[in-house]
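Keep the structure open while reading.

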Amino acid sequence: MSSNTKTDTKETTSSSTSKESKKRLPDFSQSVKLKYVKLGYHYLMSHLVTLCLLPLMSVILIQASQMKAQDIQELWAHLQYNLLSVIAISAILALGSTLYIMTRPTSIYLLDFSCYRPPNHLTVHFQKFIHHSTLTGDFLPSSLDFQRKILLRSGLGEETYLPEAMHSIPPRPSMAAAREEAEQVMFGALDNLFANTRVKPKDIGILVVNCSLFNPTPSLSAMIVNKYKLRGNVKSFNLGGMGCSAGVIAIDLAKDMLQVHRNTYAVVVSTENITQNWYFGNNKAMLIPNCLFRVGGAAILLSNKSSDKRRAKYKLLHVVRTHKGADDKAFRCVYQEQDDAGKTGVSLSKDLMAIAGGALKTNITTLGPLVLPISEQLLFFLTLVVKKLFNAKMKPYIPDFKLAFDHFCIHAGGRAVIDELEKNLQLLPLHVEASRMTLHRFGNTSSSSIWYELAYTEAKGRMRKGNRVWQIAFGSGFKCNSAVWEALRYVNPSPKSPWEDCIHKYPVEIA
């Protein structure tokens with residue numbers, strides 16, 4: 001009897017529990033993904049002003065709808081008696097509008113850009129690289145083994161390019177060979193740019209060239225002026241020694257010049273020279289650039305003409321530059337010098353990634369308020385306040401830059417650089433695909449790598465109207481520079497894109 005009662009009690013309890021569980025709300029912390037909650041919060045904060053103004057506008061409309069003809073006549077009579085005040089306010093508004101129009105920055109448009117693709121006979125396979133390095137007789141077996149390991153871990157593929165002089169046995173690192181390399185790269189990119197845009201070289205008013213390690217006399221910019229017979233009053237600049245981030249610096253300089261010189265075009269040429277900067281010694285810190293740097297260059301056409309907006313690809317929104325050269329470690333982390341045997345090369349410090357991380361932090365602190373939605377800025381600020389007041393050990397909030405940008409062009413300096421930015425900025429593999437594939441296909445082309453990445457995104461058909469692009473580059477000094485662009489239309493790849501006949505093979509799996 002008692003056992004039956006217990007059984008009935010258990011059945012009653014279980015049935016009541018099941019009924020309660022059916023009525024109980026689901027556990028939203030388990031069923032709703034936090035990313036959707038965050039997106040909702042972002043949408044709310046982004047439209048906060050609109051949501052606050054809606055009730056005010058509703059009240060105004062209700063009041064206006066209740067006004068009678070007599071009320072309107074009284075308002076008009078009141079304005080007539082205060083005609084002087086109305087005229088004064090109108091004059092102030094007109095003056096303010098005029099001053100705003102005259103002093104606002106001129107819009108800078110990117111009409112097109114072109115990346116140089118070397119001929120196939122300059123391709124360097126890993127086996128060929130090591131074989132030629134062995135034949136030179138300059139490298140110890142340990143140095144050859146070190147370079148082999150770096151190549152295998154670098155993220156580079158088997159189809160990158162080295163200049164003609166480095167394919168010779170022995171190599172020909174002469175001034176004539178270096179000039180030949182520079183001409184092939186710069187003129188190859190410019191010929192294609194002028195052909196695609198149908199802009200005459202005589203119409204170019206501003207020319208900016210950046211190349212870090214090769215700066216002959218006459219300058220590279222003078223070589224371009226001579227080749228294309230640019231006009232005598234062209235404003236030409238040649239930037240040297242500024243590392244892999246000099247491409248963004250050149251864009252910034254061209255932008256400033258376009259603010260001053262109205263109704264003209266600016267051409268920016270970003271490249272690096274391998275021929276005279278190959279290291280033939282055995283210092284491991286100076287051997288790494290041999291394994292990473294490859295031939296490449298880009299030419300970019302900018303305009304400040306409002307009529308060019310219709311055919312332009314992008315509009316320049318922001319340029320943010322960070323320089324950490326005041327710190328001795330940062331200054332020397334990428335340093336051209338001679339080794340103990342007197343052989344010149346570029347030494348890479350073991351502190352490079354830490355210094356790059358510090359420079360990036362400073363750069364995005366400045367860039368964040370310009371591009372991030374108000375929701376992310378508030379979260380960052382509140383986390384900072386809580387950290388300062390209550391919990392010093394609390395991790396700082398990392399803003400979600402995926403809400404500000406649609407595409408990321410991270411300088412393809414090496415696999416470690418891309419890995420660190422992907423991790424620290426909490427990016428997805430898709431966001432760093434352009435950088436990884438550029439490194440794999442073309443290697444580290446220095447300041448021009450961000451343009452090969454943008455060309456990759458275009459070739460994949462991913463660039464839509466209104467999309468924002470973040471180009472970010474690191475360079476000696478130490479510098480971290482950012483450029484932000486907005487797509488003005490659906491962007492198709494230009495003719496003779498560097499990815500034209502190989503984009504179907506990418507992305508590839510990198511071991």
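Begin where two helices touch. In α10, the residues R179, A182, E183, M186, F187, L190, D191 and F194 make the contact, and they meet L220, M223, I224, K227 and Y228 of α11. By class, the residues of this contact are nine nonpolar and four charged, with no polar ones. The model is predicted, so every value here is computed from predicted coordinates.

Now step back to the helices themselves. Helix α10 covers residues 175–197, and helix α11 covers residues 220–228. Their axes lie 11 Å apart, and the two helices pack at an angle of about 55 degrees.

Turn next to empty space. Rolling a probe the size of a water molecule over the atoms shows where such space is left. Searching the whole structure gives three cavities of 30 Å³ or more. Two of them are described here.

Take the largest cavity. Its volume is about 130 Å³. The lining consists of 13 residues. Nearest the centre of this cavity lie F129, H132, L162, M166 and W278. Which elements each supply at least two residues of this lining? They are α7, at 126–136, and α9, at 164–167. The largest share, five residues, comes from α7. Sorted by class, the lining of the largest cavity has eight nonpolar residues, four polar and one charged.

Move on to the second largest cavity. About 80 Å³ of space lies in it. Its lining counts 15 residues. F113, A455, S494, S497 and P498 are the ones nearest the centre.

Here α10 comes back into view. Along with β1, at 109–115, and α19, at 449–459, α10 supplies at least two residues of the lining of the second largest cavity. β1 gives the most, with four residues. By class, this lining has six nonpolar, five polar and four charged residues.

Conventions: Residues numbered from 1 in each chain as written. Predicted model: local features only at pLDDT ≥ 70, side-chain atom pairs only at ≥ 80, totals over all residues. Heavy atoms only, no water. Axes fitted to C-alpha atoms, helices over the stretch in contact; angles between N-to-C directions. Contact = heavy atoms within 4.5 Å. Nonpolar A, V, L, I, M, F, W, Y, C, P; charged D, E, K, R; others polar. 1 Å grid on protein atoms, 1.4 Å probe; cavity = no way out; pocket = protein on both sides within 12 Å on 5 of 7 lines; lining within 4 Å. Points joined across faces, edges and corners; volume = space filled by probe spheres on them.
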